[in-house]
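Dear colleague,

I am handing over the structure below, and after it I set out what was found. Please keep it open beside you as you read.

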Amino acid sequence: QVQLVESGGGLVQPGGSLRLSCAASGSFSSINTMGWYRQAPGKQRELVSTFTSGRITHYADSVKGRFTISRDVAKNMVYLQMNSLKPEDTAVYYCNAQIKKYFYSVADDYWGQGTQVTVSS
């Protein structure tokens, strides 16, 4: 069974920093893209950042220059360093991974349980 487990959320003051981590575990062949999404109360889930297997990164305009995504392929982990946090960054952050269970299978989407990030003074 494939699982994604996030950690690192919490309460931080505006201008502060947090680092989120996500670990993929279980039996699978490979991971394509890993990334982060977030969902604020009353809003739809939105993409924050992704990191492809080809080491291409993508950021939402709202976080460019403040957030940095990184990935440890050997450990099946993805990280999100969040700096200069703003109240509007408050949301539940979800880890996402496109995982192939077998070599010849298509990649399926997997989601973590989410970790709360609250930016408030």
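Leaving aside its neighbours within four places in sequence, Gln113 is in contact (heavy atoms within 4.5 Å) with Leu4, Val5, Glu6 and Tyr94. Gln113 belongs to the loop between β10 (108–111) and β11 (115–119), where strands are DSSP runs of E with at least two residues, numbered from the N terminus. From Gly8, Gln113 is 105 residues away in sequence and 13 Å away in space, C-alpha to C-alpha.

Please bear in mind that this is a predicted model, in which local features need pLDDT of at least 70 and side-chain atom pairs count only at pLDDT 80 or more, while totals for chains, interfaces and linings use all residues. Residues are numbered from 1 along each chain as its sequence is written, and side-chain values use heavy atoms, with hydrogens and water left out.

As for the sheet, 4 strands form an open one in the order β1-β3-β8-β7, with antiparallel pairing; two strands pair if DSSP finds at least two bridges between them. Because β1 (3–7) and β7 (67–72) stand at the edges with a single partner strand each, one side of each has no neighbour in the sheet. Between β1 and β3 (residues 18–25) there are 5 bridges, and Gln3 stands opposite Ser25 in β3.

Finally, a search of the whole structure finds 1 disulfide, meaning a pair of cysteine sulfur atoms within 2.5 Å. Cys22 and Cys95 form this disulfide, with their sulfur atoms 2.0 Å apart. Cys22 lies in strand β3 and Cys95 in strand β9 (residues 91–100), so the pair ties together parts that are 73 residues apart in sequence.
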